[in-house]
Amino acid sequence: MPNIIKSFLKRSIAFLYIQFGCVERAKKKIIKNQSIVSIYFHNPTFKTFNDCISWLINNGFDFLDIRELLKSKDHPLVYKKPMVIITIDDGWRDNLLNIVPIAHFNQIPVTIFSTTEPLIEGGGYWWSYIKAGIKKGITTCTVPFLKSLPNVNRLSILNHLKPLIHLDRESMTVEELKAIAISPYVQIGAHTISHPILPNCSDEIADNEIGQSKSILEAILAKPVYSFSYPNGDYTERELILVEKHGYQLAFTTQPALIEPGINMDLLKLPRFEVMDDASLDENICRMTGVWFKK
């Protein structure tokens with residue numbers, strides 16, 4: 001199906017969800033059940049992020065620092081308004097202009113999960129090399145295909161391709177990360193070294209990706225890093241053990257669900273709703289309230 005038709009259908013479906021009151025009912029249920037909305041972005045435009053934040057503010061949401069989750073497990077807080085947590089994966093350089101100023105202006109907490117290899121080395125994220133390779137006609141391997149491979153095979157293909165392609169820096173620099181980490185509204189979390197699919201990695205590589213990314217960020221920022229985001233949302237029991245072993249207190253998945261505070265809340269398997277960089281505001285409203293993911 002052509003993208004223009006898909007986009008039209010999504011806009012239409014989202015519009016109907018809103019018009020038929022699905023979003024309003026979802027908001028009321030969130031407050032009634034004392035749930036927390038947890039959403040994540042990647043590399044949104046200024047307009048996309050600002051529109052989403054403005055909608056949340058105008059609809060009475062309060063913004064929660066992820067550190068509050070540590071308190072709410074043993075002592076659930078009572079919220080009179082719907083609560084939302086904002087997280088951002090990867091550490092794109094465009095976040096500096098498209099996210100950080102909006103967080104400052106509105107005085108809202110955000111957590112950016114940084115991948116350390118592109119942070120330090122520059123260039124692109126690994127999937128950008130694949131997309132560029134497809135565009136240049138020098139590979140037929142797709143990103144979803146590489147995500148399905150054992151990590152050693154993914155790296156073999158990627159390492160063959162990277163010398164043939166030049167990409168400008170996509171991640172923020174070390175100095176830029178240090179500068180925004182000073183902000184009272186920006187928390188920095190870990191997102192591995194190279195953004196592999198962790199369950200596809202050997203025990204040694206998975207341990208290194210999870211542990212060393214924390215150590216690298218702590219050395220750069222000179223303060224503890226206690227939160228983690230699983231690349232692609234993929235994890236197994238092994239990853240849960242490794243995350244706990246390396247001292248993370250919070251870890252986020254991509255499971256589309258609300259956070260339910262209390263003794264049964266698993267702080268190492270926190271769910272999040274994905275907000276799309278290229279979706280309409282109506283679709284993203286439905287995503288942020290969980291309506292889009294209802295079956």
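Which residues does Ile188 touch, not counting residues up to four places away in sequence? I opened the notebook with this question, and I record that the model is predicted.

**Entry 1. Ile188 and the nonpolar core**

I listed the contacts of Ile188 and found Ile112, Ser114, Leu177, Ile180, Ala181, Leu217, Leu221, Val225 and Ser227, with residues up to four places away in sequence not counted. I then looked up the largest nonpolar core, which has 56 residues. Ile188 is among the members that touch the most other members, together with Ile39, Leu56, Ile86, Ile180 and Phe228.

**Entry 2. Ser227**

Ser227 belongs to strand E6, residues 227-229. Beyond its neighbours within four places in sequence, I noted contacts from Ser227 to Ile66, Thr111, Phe113, Ile188, Gly189, Ala190, Tyr248 and Leu250.

**Entry 3. Lys214**

Is Lys214 buried or exposed? I read a relative accessibility of 12%, so Lys214 counts as buried. I located this lysine in helix H12, residues 203-221. A polar atom of the Lys214 side chain lies 3.3 Å from the backbone oxygen of Val225. Val225 is also on the contact list of Lys214, along with Ala190, His246, Gly247 and Tyr248, when residues up to four places away in sequence are not counted.

**Entry 4. Helices H12 and H13**

I next examined how H12 meets helix H13, residues 237-245. Two packed helices are described by the angle between their axes and the distance between the axes. Here the axes come within 9 Å and cross at roughly 40°. The two helices are therefore oblique to each other, and H12 passes H13 in a right-handed crossing. On the H12 side I recorded Asp203, Ala206, Asp207 and Ile210, which meet Arg238, Glu239, Leu242, Val243 and Lys245 of H13.

**Entry 5. Leu64**

I placed Leu64 in the loop between strand E2 (62-63) and helix H4 (68-74). At 7% relative accessibility, Leu64 counts as buried. Which residues is Leu64 in contact with, leaving aside its neighbours within four places in sequence? I found Ile36, Tyr79, Met83, Val84, Ile85 and Pro109. Leu64 and Pro109 are 45 residues apart in sequence, and I noted a C-alpha to C-alpha distance of 6.7 Å.

**Entry 6. Arg11**

I looked up Arg11 in helix H1, residues 3-19. Its relative accessible area of 47% makes Arg11 partly exposed. I also checked the pair Arg11 and Lys73, which are 62 residues apart in sequence and 37 Å apart in space, C-alpha to C-alpha.

**Entry 7. Helix H14**

How many of the eight residues of helix H14 (residues 281-288) are buried? I recorded six, so this helix is mostly covered. The buried residues are Glu283, Asn284, Ile285, Cys286, Arg287 and Met288. I found that they pack against H1, helix H2 (22-33), strand E1 (36-41), helix H3 (46-58) and strand E8 (273-274). Just after H14, Gly290 takes a positive phi of about 85°.

Notes
Residues numbered from 1 in each chain as written. Predicted model: local features only at pLDDT ≥ 70, side-chain atom pairs only at ≥ 80, totals over all residues. Heavy atoms only, no water. Helix = DSSP H or I, 4+ residues; strand = E, 2+ residues; numbered from the N terminus. Buried < 20%, exposed > 50% of the residue type's maximum accessible area, 1.4 Å probe, protein only. Polar contact = N/O pair within 3.5 Å; in protein donor to acceptor, adjacent residues only side chain to side chain. Contact = heavy atoms within 4.5 Å. Core = buried A, V, L, I, M, F, W, Y, C linked by side-chain atoms within 4.5 Å. Axes fitted to C-alpha atoms, helices over the stretch in contact; angles between N-to-C directions. Parallel < 35°, antiparallel > 145°, perpendicular 65-115°, else oblique. Left-handed = near helix turned anticlockwise from the far one by under 90°.
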